[in-house]
Protein chains: 2
Amino acid sequence: MPISASLKTLFAAAGLALLTATPAVAETSGDDAPVLRGTGDLGVVIERATGSVALVDTTEKSVLEHVDGFGDLSHASVKFSRDARHAFVFGRDGGLTRLDLLTGEIDGRIIQSGNSIGGAISQDGRYVAVGNYEPGGVKVFDAETLELVADVPADYETDEGETAQAKVVGVVDAPGNRFVFSLFEANQIWVLDMSGDEPEVTKYRDIGSQPYDALITANGRYYIAGLFGEDGMALLDLWHPEKGVQRILPDYGRGEERLPVYKMPHLEGWAMAGDQAFFPAVGRHEVLVADTDDWSLTDRIEVQGQPIFVMSRPDERQVWVTFAHPDNDAVQVIDSRTHEVIETLSPGDSVLHKEFTPRGEHIWISARDSDTVTVYDTRTFEKLATLEAESPSGVFFTYRAHRIGL
Amino acid sequence: MPISASLKTLFAAAGLALLTATPAVAETSGDDAPVLRGTGDLGVVIERATGSVALVDTTEKSVLEHVDGFGDLSHASVKFSRDARHAFVFGRDGGLTRLDLLTGEIDGRIIQSGNSIGGAISQDGRYVAVGNYEPGGVKVFDAETLELVADVPADYETDEGETAQAKVVGVVDAPGNRFVFSLFEANQIWVLDMSGDEPEVTKYRDIGSQPYDALITANGRYYIAGLFGEDGMALLDLWHPEKGVQRILPDYGRGEERLPVYKMPHLEGWAMAGDQAFFPAVGRHEVLVADTDDWSLTDRIEVQGQPIFVMSRPDERQVWVTFAHPDNDAVQVIDSRTHEVIETLSPGDSVLHKEFTPRGEHIWISARDSDTVTVYDTRTFEKLATLEAESPSGVFFTYRAHRIGL
C-alpha cells in the first residue's frame, strides 16, 4: 500500500481508534510519518540531476517519495543492508549516504574521499566498502555507525619506480566476507579479506592493461575485469586462487580497427543463462555469447547499437539490452535459446538503466531525458506504468540485499 | 499489504496518533507493539508439536517471539509475500494461515481442505496455491483477502474407468504466473496457468508411477518429480513443453533390492552447483551426482546415513546433508569440487531441516528432539548460537520471497 494512501486512511480511521484504546503500534499520523510495512518490494531510483533519490514500491508500481541531499549522483550506485531497510548510496563526490527506506530520511552521510565510483557490502552485512578514484584506494566502513574500519590505499610502484595511488574500480563482495577490486593504473586485482581480526590483502599483478570495470558471477566464483588498455579480459577464479589471474576472450575489446566507442559498456549485470554468458561488445553493434566452461566465444548477435547493459531476466529466458548514444532510446530483447531479437521497445530518451523485479515478471527502465521510469510486463511487453522521476539513472530493488555480488 | 492487516494496525495506530499530535516516531515502547524494521532478515521456524511458529531475526540470531494458533503443523511449509511482510503457513490439517511478521499476529486463517501438504505463491505475488491430499486438488487463493480464486479438482480416470481425485504433491510456482504440480495416484503432472482471465490447465499423463514430491530448478525451467512406484524420475522442461515429460536417471529409486527406506528423501532444495546436481539416494547411504546437461549419473558420494535434504550453500562450494533415522543426529558437509565429506556436525537429536542465510555465511539447523535451532558459521563450522524452540522442524527465511520456486 502506498504511504500516501495508507495515511489518508489513517486520518479517516482515527475517530474509531480512540474508542478502542489498544496498545500503541508503530503506524503514526504525521504527514511524513513512517508506516509499518515490509521492505521486500521497495527500491530506489537515482535522480542524477537533482542529487535526489526516488523511493519506489514495486507492488503498487509507484513512487512513494523523493528524498534530497545525496550530493553529486552523476555516477551513483546503491547497495542494501541485510535487513533490506537501508540503502547505501555511493555518490561521485565521494559521499556515502545511508537512506532509511521506511522513514524516507537520510540517517547517515559522510564524504569519505574526493571522488568515488561505487562500492559493495560484505557477505555478513557488517561492512560497506567504497572504491575511490581520488585518492585511489578502498575504505571500509561499519554499516551501522559509518565509522572507518579499514583504509587500504591503492599504492603501487610506477614504471619510474615511484609510489603512486591507482584509481579503484569494480569493487564487489565475495563469499568469505571478502571484497575484490581492480586498480586501473596499476594493472592489478586485489582481494581484501575482512573475515579475520585484521584485514588482509592479496595482490594479483600484471593482470592486463587498465582494468576499468568488473563483475562477479552470481555464485561468487569468477571475478572478471574488462580492460581498457588492451583486448581481452582478466579472470580470477576464487575457487582456484593458486592459478592466479587468467586471460580470457583474447579478441574482446576495441580491436585493431579502433572503432569509435561512445561509452565503454558496463560489466555488472552480465547475463548468465545456463552455461552461456551474454555480454556487450565494445564499439560494435553486437551482443557476444561465450561458453562459461572454457570462456570461448560462441556467437555474435546483431543488435541496434553499441550495447551498454546486457542483463538476463531472472529465469534466463530473455536477455535485455540497452545502448549507447545515439541508439539510447531503444531497448532490445533477445531470446536466450534462439539468440534472436524478439522485441524492440522505446521507453524514452536516454535510457540509462533497467532492473527486473526479483522473480522477473516486470522490468523497470529509466529514461533520463524523458524524466520517466517505465514498467513493462516482460511476458507481454505491455507498458504497465510510467512514473515521473528527475533525470533518472540507476534503478535498484531491495532483493539485491540477498544476492552475492549485488 | 493485506487489507485486514492494514486495517487492524490502522485502528490501533489512530489512538496513539491522536494522543500525541506530533510527527511521532514509529518505534514505540509498548511491550507487544510492533517495531518499524526491515523484513529482509526475518524468518520463521515451525514448532510442530505446539502448532506454533517462532519468529526469528537472522542478524541478531535470536527468536523474537513465539506465535500460536496454526493448527496441525506436523508437516508444514511456508511461503512469503512479495513484500516479505507476511508468511503463508500451510498446515497438515488443510489450514492456510497468514502471519504478519511485523506485528506477530495471525491476520488470516482458513481451513481450505481436510489435509494438505504444501503450496506455492505466484510469480506476481497475487495468488497462493495449495496442494491437497483430502480431497485431492489445488485451490488458489487471493494473497490479500484469502478468497478462493480457482478450484482445480485433481480428477482422473481410474483403471476401472471411474473418476477419482488424486493427492496433489510437489506444488511449485513457475515463471509466467504458473503453478506446476503432480498427481500421486493419477501419474500426471499438471501446469496451471494463472496469467490470463481464466485459469488454464495443461495435463501431462503417464509421467511415471506415483510421483511423491517434486522440485523446480532455480531458473524455473526444469520441473522434476520423484517416483514412489518405480525407479527413475520425471522431468518436464518448461522451455520445451512440446517434448512432453521425459524420464531421467532410470536407476534412481529403491532398485531391485528394495532396501528398507526409513523416509523418502525430500526433493526441494536439490543442490545445484554449476552443471552438477547433488541429490539424495533412496535407501542408500549415498549422495548422488548428475550432470544437468544430460542428467546422467556421474558420481556416488558415501555419507553417514540415508540422506533426506541435500542442499547447496548459496555460493555452491559446499553441499549440506541431513539424514533419516537412525542417523538423524548428524549433518555432513561435502566439498562440491572434490566430492569429499569435509565435516560432520552434531547439532542435536532428530535434525529435521536447515536453511542458509541468503548469502550463505550462516546455516540454521533445527533439531526436533533437542528443542533447539543451532546457527553455524559455514566457513569455520563454529557454533554461533543455539536458540530454543518447541520441537522445531522447517526453517524459512524471507529472502525466499524473491526466488523462483521457493
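Modeller: Gladly: A:Phe356 is buried, because its relative accessible area is 5% (buried is under 20%, exposed over 50%, partly exposed in between, with a 1.4 Å probe and protein chains only). Keep in mind that this is a predicted model, in which local features need pLDDT of at least 70 and side-chain atom pairs pLDDT 80 or more, totals for chains, interfaces and linings use all residues, and side-chain values rest on heavy atoms without hydrogens and water. Residues count from 1 along each chain as written, while chains run from letter A and ligands from 1 in written order.

Colleague: How many aromatic pairs does the structure hold over all chains?

Modeller: There are 16 aromatic pairs over all chains. Phe, Tyr and Trp rings (six-membered ring for Trp) pair when their centres lie within 6.5 Å; planes under 30 degrees apart are stacked, over 60 edge-to-face, the rest tilted. A:Phe356 pairs with A:Trp320: the centres are 6.0 Å apart and the planes stand at 90°, so this is an edge-to-face pair.

Colleague: Which strands do A:Trp320 and A:Phe356 lie in?

Modeller: A:Trp320 belongs to strand E27 (residues 318-323) of chain A and A:Phe356 to strand E30 (residues 351-356) of chain A, so the pair ties together parts 36 residues apart in sequence. Strands (E, at least two residues) and helices (H or I, at least four) are DSSP runs numbered from the N terminus. A:Trp320 also counts as buried, because its relative accessibility is 0%.

Colleague: And what is the angle between the planes of B:Tyr222 and B:Trp295?

Modeller: Their planes are at 85° and their centres 5.6 Å apart, so B:Tyr222 and B:Trp295 are edge-to-face too. This pair links distant parts of the chain, 73 residues apart: B:Tyr222 lies in strand E19 (residues 222-227) of chain B, and B:Trp295 in the loop between strand E24 (286-291) and strand E25 (296-302) of chain B. B:Tyr222 is buried at 17% relative accessible area, and B:Trp295 is buried at 7%. Rings can also form a cluster, as A:Phe184, A:Tyr212 and A:Phe228 do through ring pairs.

Colleague: Let's turn to strands. In what order do the 4 strands of the open sheet in chain B come?

Modeller: The order in chain B is E30-E31-E32-E33, with antiparallel pairing. Strand E30 (351-356) and strand E33 (383-388) of chain B stand at the edges with a single partner strand each, so one side of each has no neighbour in the sheet. Two strands pair if DSSP finds at least two bridges between them. E30(B) and strand E31 (residues 362-367) of chain B run antiparallel and are joined by 5 bridges; B:His353 has B:Ser366 in E31(B) as its bridge partner.

Colleague: What form do E32(A) and E33(A) make together?

Modeller: They make a hairpin with 5 residues between them, and A:Phe381 in the turn has a positive phi of about 65°. The strands themselves, E32 (residues 372-377) and E33 (residues 383-388) of chain A, run antiparallel with 5 bridges joining them. Across from A:Thr374 stands A:Thr386 in E33(A).

Colleague: Is A:Thr292 buried or exposed?

Modeller: A:Thr292 is buried, because its relative accessibility is 15%. This residue lies in the loop between strand E24 (286-291) and strand E25 (296-302) of chain A. Leaving aside neighbours within four places in sequence, A:Thr292 contacts A:Met272, A:Gly274, A:Asp275, A:Gln276 and A:Ala277 (contact is heavy atoms within 4.5 Å). For contrast, look at A:Ala164 in strand E13 (residues 163-165) of chain A: this alanine is partly exposed at 25% relative accessible area.

Colleague: Now zoom out. How many strands does the secondary structure of chain A come to?

Modeller: Chain A has 34 strands and 1 helix. Of its 406 residues, 63% count as buried. Among contacts in chain A with a separation of 6 or more, 41% come from residues 24 or more positions apart.

Colleague: Where in chain A does pLDDT stay under 50?

Modeller: That happens over residues 1-30 of chain A, for which the model has 70 contacts beyond four places in sequence. On pLDDT, the predictor's confidence in each residue from 0 to 100, chain A averages 89, and 89% of the residues score at least 70. Where pLDDT is low, predicted coordinates should not be read in detail. The model scores ipTM 0.90 and pTM 0.91.
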